[in-house]
Amino acid sequence: MLIYLLKRLLMTILVIAVTSVIAFLLVHLSGDPAAAMAGEGASPADIASVRETFGFDRPIVFQYLEWVGRILSGELGRSYYLRMDVSDILADHLPVTATLGVMALSFALLLSIPLGVAAALRPNTVIDRVALWLAVAGQALPSFLFALGLMYLFGVYLRVLPISGGTTWAHFIMPSVALGYYATPAIMRLTRSGMMDVLQSDHVRTARAYGLSSWRVVIRHGLRHAIVPVVSLAAVQLGFMLGGSIIIESIFSLKGIGYLAWESIQRADIEVIQAILLVIATAYAVLTLLADLLNAALDPRIRIS
Amino acid sequence: MKSRTMLLAASLAALASTPALAGKDNDTFVWATSTEMDTPDIYYGNQREALITTYAQCDSLVYRDPKSNEVLPLLATKWEWTDDKTLEMELREGVKFHDGTDFDAEDVAYTLNHVAAPDSDMKLRVIVDWIDNVEVVAPHKIRIHAKAPTPAAFEYLGGTAPIFPSGHYDSAPEVPGADGTTRRDWGAVTPVCTGPYKLTDYQPGQSVTLEKNEDYFDGSPKGKPSIGKIVYRTIKDPETQIAELVTGGIDWMWGVPTENAAMLGDMENITVVSAATMRMSFLALDAAGRTGDNPMTNVKVRQAIAHAIDRKAITENLVGEGSAVLKSMCVPVQFGCETDVTQYDYDPEKAKALLAEAGYADGFKIPFYAYRDRPYSEAVLNYLRAVGIDGDLQFLQWRALRPLIVDDQTAIAQLTFGSNGMLDASASTGYYFQFGPDDYARDEEVRDWLGAAEKTIDEAERKELYSKALKKIADEAYYIPLFAYGRTYAFNKDLDYPVTDDEMAHFYLAKWK
């Protein structure tokens with residue numbers, strides 16, 4: 001187990017190192033960061049002054065190694081744009097994204113697992129059709145359109161939910177639903193197909209033959225097996241929600257990590273971009289690891305192999 | 001059942017506690033744009049949002065009245081050029097900064113000398129680059145020594161040059177610089193000023209809160225502030241801004257999309273107004289041959305391009321309310337902006353004839369660079385295609401386009417420029433026609449006229465020089481002016497405030513009806 005963990009850790013570090021090099025190169029190769037920082041309308045002298053102040057006139061390898069040196073000594077750097085330490089910015093933005101991600105995933109799981117189970121229990125009935133329709137709609141509807149629809153209905157027309165910002169928990173309801181709905185179809189279809197497979201398996205038939213209640217059969221002997229791949233998928237979806245909620249965060253004006261990443265790329269705020277990358281890559285790695293451990297707990301066969 | 005009722009009650013209570021901030025009833029005016037403010041210190045950030053905040057929070061030496069365009073005394077009460085490089089100013093007495101300290105000549109000298117220093121890292125150096133040093137003559141009298149005669153001095157000493165107390169930047173944090181060195185992050189210091197509103201809260205990238213300065217001095221041309229609280233919020237998405245405006249979450253937005261303007265205008269609680277801005281859109285053509293031998297070096301080709309584009313149609317149908325056809329390479333509100341220059345009517349036949357005369361009867365193919373508002377660029381390209389010029393659109397981000405411009409790579413580029421809010425023709429002409437890296441015309445005569453205009457104090461003579469330069473730029477069709485952007489504002493109907501043509505929002509003048 002220890003060797004397995006060490007292997008995973010080494011792999012994670014390698015992934016983070018490679019992505020950070022690529023991100024660093026992309027920011028530099030996609031244009032002149034000094035021009036982006038100085039802004040439109042800046043004179044050549046203004047741009048030159050920015051280039052010198054931030055050391056962009058030096059070889060890119062030096063600049064990268066300097067950054068790595070600082071990271072290794074525990075400094076995440078400073079945002080030239082927001083004029084704050086990156087660690088403080090992350091402390092502001094991470095809780096917003098974490099709240100959004102967890103609430104969205106909870107919504108997605110609460111909606112999709114019962115629907116998936118119901119669809120599997122009554123295949124080709126109205127329930128299954130409704131579930132399928134919900135899945136197709138979730139997949140097909142662009143998330144921004146769904147978000148704007150929610151905003152119009154609950155924010156403008158009914159006026160029961162706040163439209164933008166993140167000061168109270170009520171501010172997170174619409175963004176969580178909009179973000180979570182997008183993850184629903186995949187989780188639901190996976191639950192449905194997993195359940196259908198399991199319900200036809202020998203051990204479920206045996207359980208039924210023993211006269212166990214159908215509820216017990218479905219939950220204890222069916223869902224427990226069917227949910228294994230769902231856990232892995234949910235972990236990936238949560239990772240996606242943490243890093244990829246740019247559109248939802250920008251529509252509802254939530255100052256989270258996805259929004260921060262997008263804005264920072266626009267303004268070539270290199271140290272913030274690199275720090276977010278580290279955080280997201282680490283979050284993905286940790287979530288995947290947790291999913292594997294959880295799966296091992298749910299399914300003894302994984303533990304043995 | 002009981003627990004469900006309690007949960008519902010708790011939910012409703014939580015919803016009810018959501019702060020309903022904006023509006024007349026709370027005496028709180030909330031405005032929103034999609035920009036994240038980088039600093040409220042205008043010396044270290046050049047965003048409109050920072051300038052709007054600065055005008056409300058800070059005072060400068062002089063004030064340009066946005067309605068009459070007249071320069072009025074603010075922190076300086078009287079001034080005189082004692083020679084063509086020395087400006088002597090008497091300062092207002094009895095003024096206090098928001099931190100309670102008294103304002104005097106030391107503060108003016110400190111602020112201007114700090115930002116004018118070559119290593120100040122100031123963002124837009126043009127505002128202070130003309131200052132050699134500022135000398136304290138008496139407790140309320142200063143002398144500004146300019147490096148050269150500077151007729152645009154009052155433009156620079158207006159709203160873009162707020163005065164901070166002595167020692168203001170002492171608290172600037174020391175942050176890591178390049179090569180293991182450190183540098184001072186001057187822009188991280190929150191401004192302290194003397195203006196009609198005090199800054200009481202600043203959340204980087206999110207919000208700025210200003211509160212009425214009850215002790216604001218009498219006799220300021222800005223008048224006494226009326227609204228209690230002014231809050232700025234960043235809301236990225238225009239649709240969200242509209243939703244907030246409609247429901248009273250915010251009181252003001254700008255940049256209303258054309259397709260939403262009419263709908264908002266029909267609403268009872270909202271006023272919609274369009275006004276001009278200072279941002280101009282134009283084609284920069286490589287007349288100087290910087291990209292090598294190319295069709296743009298031929299004046300007939302450049303004139304053909306000017307004739308090929310229906311600027312009026314693009315302006316009216318695409319850019320929309322508030323925009324206007326740009327007649328010259330400057331905006332009319334700028335001093336010295338000559339608009340009586342050669343105009344090229346939309347005439348595709350004439351364009352084709354000119355191209356034939358230039359030896360391009362079959363047209364040609366050329367890369368066409370742009371970075372802002374793709375639909376406008378597509379429209380220009382369509383017009384060019386109709387006369388045989390096949391532009392290959394290279395639509396890039398500004399930071400990717402900028403190095404190409406500097407490296408002699410752009411034979412045709414559709415660019416925009418906002419003159420950094422400077423109401424003087426030198427702002428745009430200086431950038432594009434004085435042999436800087438953005439100058440693709442490289443006309444020595446134009447350069448010399450503009451250079452002379454920037455050093456001539458006599459207003460009539462300056463105007464004459466700008467007129468000559470702008471006329472030649474139009475005759476030679478070096479750059480093709482297209483349109484000045486418009487902007488549509490939508491705000492709470494209870495709000496009384498002047499919408500002006502300087503692309504500024506003078507909220508300190510606002511009051512509730």
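Predicted model: local features only at pLDDT ≥ 70, side-chain atom pairs only at ≥ 80, totals over all residues.
Me: Moving over to chain B, why is B:Asn69 called partly exposed?

Reply: B:Asn69 has 13 C-beta neighbours inside 10 Å. Exposed would need 12 or fewer and buried 20 or more, with partly exposed in between, so B:Asn69 with its 13 is partly exposed. As for its place, B:Asn69 sits in the loop between strand E2 (62–64) and strand E3 (71–73) of chain B.

Me: How far apart are B:Asn69 and B:Leu423, in sequence and in space?

Reply: They are 354 residues apart in sequence, yet their C-alpha atoms are 9.3 Å apart in space.

Me: Which domains is chain B divided into?

Reply: There are three pieces to the assignment: domain 1 (4–55 + 182–273 + 487–512), domain 2 (62–170) and domain 3 (277–486).

Me: How do you know that domain 2 and domain 3 of chain B are in contact?

Reply: The test is C-beta atoms within 7 Å, and 10 residues of domain 2 of chain B are in contact with 10 residues of domain 3 of chain B. On the domain 2 side, the residues divide into 6 nonpolar, 1 polar and 3 charged. The C-alpha centres of these two domains of chain B lie 35 Å apart.

Me: Which residues touch the most other members of the largest nonpolar core?

Reply: That core has 165 residues, and the ones with the most such contacts are A:Ala178, A:Ile187, A:Ile276, B:Leu61, B:Val108 and B:Phe507. Helix H5 (residues 86–121) of chain A gives the largest share, 15 residues. Leaving out residues up to four places away in sequence, A:Ile187 touches A:Ala108, A:Leu109, A:Ser112, A:Ile113, A:Val230, A:Leu233 and A:Ala234. There is also a second, separate core of 71 residues, including B:Phe282 and B:Leu354.

Me: Happy to finish with the two chains: how many residues does each bring to the contact?

Reply: Chain A brings 43 residues and chain B brings 47. In chain A, helices H2 (33–38), H3 (44–53), H7 (143–157) and H11 (246–251) each supply at least two residues of the side that touches chain B. The largest share of that side, 5 residues, comes from H3(A).

Terms used:
Residues numbered from 1 in each chain as written. Chains lettered and ligands numbered in written order. Domains from an automatic or database assignment. Nonpolar A, V, L, I, M, F, W, Y, C, P; charged D, E, K, R; others polar. Helix = DSSP H or I, 4+ residues; strand = E, 2+ residues; numbered from the N terminus. Core = buried A, V, L, I, M, F, W, Y, C linked by C-beta atoms within 7 Å.
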